[in-house]
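Please read the points below with the sequence and the model side by side. They are meant as a colleague's notes.

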Amino acid sequence: MTHVAERHSRCRVPPRKRHQRTIGSICKRLACPWDRDRFDRCLSGRAVDERMKVQRRRSKGPLLGLSRSSIVATTREHLNAGMVDWLLDLEIDLVVGRREGCFLYDVDGGAYLDAVCDGTTFNLGHRHPSLVAKLKESADLWDIGCQFFPSAARVALARELLSCVSPSLRFVHFANSGSEASEAAIKAARAATGRQKIVSVRGGRHGTMGLAGRLTGASPPGSSPIAAPSGALKVEWNDPGAIATAVRRKDVAAVIIETIPAALGWPMPAPDYHRRVRELCSEAGALLIVDEAQTGLGRTGKVWAIEHWDVVPDILVMAKGAGGGLYPLGYCVMNSGAAAWMTSQPLAMLSSFAGSELGCVVGCEVLRITKEPEFLVTVGSRAQHLSAGLNSLAARFPTQILEVRQLGLAAALKFADPLGGALMMAALFKHHVWATAAAFDLSVIQIKPPLIIDCAQLDVLMDALHQAILDCWGNVGAGRA
């Protein structure tokens, strides 16, 4: 394979040493032990599974008139040099061309199993044929629409949404992203209660801008910390006692939580956690906002993950997979109390692009597919297959793997190594799997495949995980599978 430094002339430092420098600096910040030999083992001598191996070759031709080298160079010069450099430090040099189903294809032809789905944006895989057809069909008839007038497309999506949530959630507000949807939920809660304080989980993630960005609980390596506003109160995950203390202040407008916080590495809630948080909010007159951006739309085997705990929030937030990876779309579904602003201040959250009629048509099809009982049964079946594979790995590598975390096809492995997730991220790429470490816990590798993945593809993923663990730590402490 063409060396990264040869492909990208800017790399004056050998990739392995750049990788050591980057991870070494993270170790220093986190006060973690640093073993250079361990990284050398991780980044050397990998045998790629023959079912995934694709011959690397020069680009067949330009993409939109651009070559690989010009795409990378312009990205570094004008878009996001830090992101490119960070991935190259991990020897991840993917430039995506074609994408389809569960796979990303490098512009040079290599196929990579997508176990990230851009934070579950691609729940239904890349370029789902039914979604593509709906988008093309709607583009022949409509444009984004006008925010002031009633719209058939917005009504159709609202009806689909209201058919799969609690009857108490009767009002829908559209947004363009998870950040916007969370922002709208926070503003709605403040308007409904007349209070300003917002309780969020340290390590939770609700967006990157505005109020939602300031409630994000930590900053991943490579990002700048954003100071929390005076109205934010941070508590630890899985600690209802801390939430009880916070809401007793009587100035809390809302508690906002993810059903399972993805950026923390999918730590599972205690059995009574969500029920207890619901009770505390009700007792204190605060609203409960549940952020389902990464857990919603079938990811856990139910349309909404919060259904597993029979809890109904005051506001449910969804984005990412809502637009099927084809159109930016987010929304809040609210009860009458949370939606009171729609009557008293109907112009308060107007947006030129939110609730685009093109996006709503795609969103309707996403919900139609996701709500099908047969689809959810299949997700459950795939989750069982994944569970068997992950627990087999945990039995095979009891010293390395501390914990298997999973609900449906939201899964993660937590390693004893404080940087185990980062190590695995680099190693898995060499086995043609794209996966990421948890942003706020680098010991965790996240596993978020498309919900349409089949058992054979899951087996490929398991084989890659097995080989990547061997690459990172060898057979040290291995048990019998």
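How many helices and strands does the chain have?

1. The chain has 17 helices and 15 strands, where helices (H or I, at least four residues) and strands (E, at least two) are DSSP runs numbered from the N terminus. Please note that this is a predicted model, in which local features need pLDDT of at least 70 and side-chain atom pairs count only at pLDDT 80 or more, while totals for chains, interfaces and linings use all residues. Residues are numbered from 1 along each chain as its sequence is written, and side-chain values use heavy atoms, with hydrogens and water left out.

2. Of the 481 residues of the chain, 56% count as buried, a term that means under 20% relative accessible area, with exposed meaning over 50% and partly exposed in between (1.4 Å probe, protein chains only). Among contacts (heavy atoms within 4.5 Å) between residues at least 6 apart in sequence, 74% join residues at least 24 apart.

3. Arginine 154, found in helix α8 (residues 152-162), counts as buried because its relative accessibility is 13%. Its side chain reaches the backbone oxygen of phenylalanine 149 at 2.8 Å, which falls under the polar contact definition (a pair of N or O atoms within 3.5 Å; within protein, one must be able to donate a hydrogen and the other to accept it, and residues adjacent in sequence count only if both atoms are side-chain atoms). Leaving aside neighbours within four places in sequence, the residues in contact with arginine 154 include Ile144, Phe174, Gly355 and Glu357. The C-alpha atoms of arginine 154 and glutamate 357 are separated by 6.4 Å, although these residues are 203 apart along the chain.

4. Leucine 350 lies in the loop between α13 (341-344) and α14 (357-371), and it is partly exposed because its relative accessible area is 37%.

5. Helix α17 (residues 455-473) has 19 residues and reaches 27 Å from its first C-alpha to its last, close to the 27 Å expected at 1.5 Å a residue, the expected span being 1.5 Å times one less than the number of residues. At its N-terminal end α17 is capped by aspartate 454, a side-chain oxygen of which lies 3.2 Å from the backbone nitrogen of alanine 456. After α17 comes glycine 474, whose phi is positive, near 65°.

6. Which residues of α17 are buried? Among them are Leu458, Leu461, Leu465, Ala468 and Cys472. An α-helix has 3.6 residues a turn, so residues three or four places apart point the same way. The buried residues of α17 also include Gln457, Asp471 and Trp473.
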